[in-house]
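Please keep the sequence and the model in view while working through them.

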Amino acid sequence: MPRRVLVVEDEEDIANLVKIQLEGLSCTVKLAFDGAVGLAEAEATPYDLVILDLMLPGMDGLEICRRIRAKSRYTPILMLTSKSSELDRVLGLEMGADDYLTKPFSVMELVARVKAILRRVDALSAPSAEHKVIDTGNLRIDVERREVLANGARVELTAKEFDLLLYFAENPGRVFTRSQLLDRVWGYSHSGYEHTVNSHINRLRAKIEENPNQPDCIQTVWGVGYKFRDRS
Ligand code: CA
């Protein structure tokens, strides 16, 4: 089955370039040059990936991203931004994109990011012998459904918050620096964006910890970084 990808990008040259590259990866590609049209398309048809420009006529990429995230069906989103100040906005608002690329990007970079996202989607949807669930203390993490229960109650996490929590929970007791987390969870290093890790951890703690001021799940290791509590 070819993968269906929706590209919402008003710069036609970029949209067509992305289309050609994705077709090279055996994807079926639909283009939308306007935000409102793109959102309507994303809502009408299930896509395996949505590539979303940030600045769009009709409706901006952040709003589209928020609306797609509000749906129960999980759709991976790769965000395109044209300058690093926009990247700050994307990271700062944490609107739940799976990944982002800053323009101008190379074709190789684009293909690598898309492949990484599709691999992750395949891994999540692959029928596995056992339904993977991590049960640890007050947390229950359903890996395939991307659902988390804390103290028996469902918590809503953004895509990156979930990835970060899962990475920690799969490596209990291991200490990670901020730049290691940025590299492993976000997939590549962005020196200078370590504060992004701090803000994600603060939000995650507020959602999963019984007492966020005295975190038990994700602990601070002073002067180094963070670790997930040891398995007891
Ligand atoms: Ca644009």
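**Exercise 1. In which order do the three strands of the open sheet lie, and is the pairing parallel or antiparallel?**

Before starting, note that this is a predicted model, in which local features need pLDDT of at least 70 and side-chain atom pairs count only at pLDDT 80 or more, while totals for chains, interfaces and linings use all residues. Residues are numbered from 1 along each chain as its sequence is written, and side-chain values use heavy atoms, with hydrogens and water left out.

Step 1. Helices (H or I, at least four residues) and strands (E, at least two) are DSSP runs numbered from the N terminus, and two strands pair if DSSP finds at least two bridges between them. With these terms, the order reads S10-S12-S11, and the pairing is antiparallel.

Step 2. The edges are strand S10 (175–177) and strand S11 (218–221), each of which pairs on one side only. From one strand to the next, the twist averages 35 degrees.

Step 3. Strand S12 (residues 225–228) is joined to S10 by three bridges in the antiparallel sense, and Val-175 has Lys-227 in S12 as its bridge partner.

**Exercise 2. Find which helix lies across S10 and S12, and give its angle to S10.**

Step 1. Contact means heavy atoms within 4.5 Å; axes are lines fitted to C-alpha atoms, for helices over the stretch in contact, and angles run from 0 to 180 degrees between N-to-C directions.

Step 2. The helix is H7 (residues 178–185), which runs at about 90 degrees to S10.

**Exercise 3. Describe how H6 and helix H8 (residues 194–208) cross.**

Step 1. Two packed helices are described by the angle between their axes and the distance between the axes. Here the axes of H6 and H8 come within 10 Å and cross at roughly 80 degrees.

Step 2. This makes H6 roughly perpendicular to H8, since angles of 65 to 115 degrees count as roughly perpendicular, under 35 as roughly parallel, over 145 as roughly antiparallel and the rest as oblique.

Step 3. On the H6 side the contact is made by Lys-160, Glu-161, Leu-164, Leu-165 and Phe-168, and on the H8 side by His-200, Ile-201, Arg-203, Leu-204, Lys-207 and Ile-208. These contact residues divide into six nonpolar, one polar and four charged, where Ala, Val, Leu, Ile, Met, Phe, Trp, Tyr, Cys and Pro count as nonpolar, Asp, Glu, Lys and Arg as charged, and the others, Gly among them, as polar.

**Exercise 4. Which residues coordinate the calcium ion, and is Asp-53 buried or exposed?**

Step 1. Donors are N, O and S atoms within 2.8 Å of the metal (3.2 Å for Na, K and Ca), and sites may look incomplete because water is not among the atoms. The calcium ion is coordinated by Asp-10 (OD), Asp-53 (OD) and Met-55 (O), at 2.1 to 2.4 Å.

Step 2. Buried means under 20% relative accessible area, exposed over 50%, and partly exposed in between (1.4 Å probe, protein chains only). Asp-53 is therefore buried, at a relative accessible area of 3%, while Met-55, at 45%, is partly exposed.
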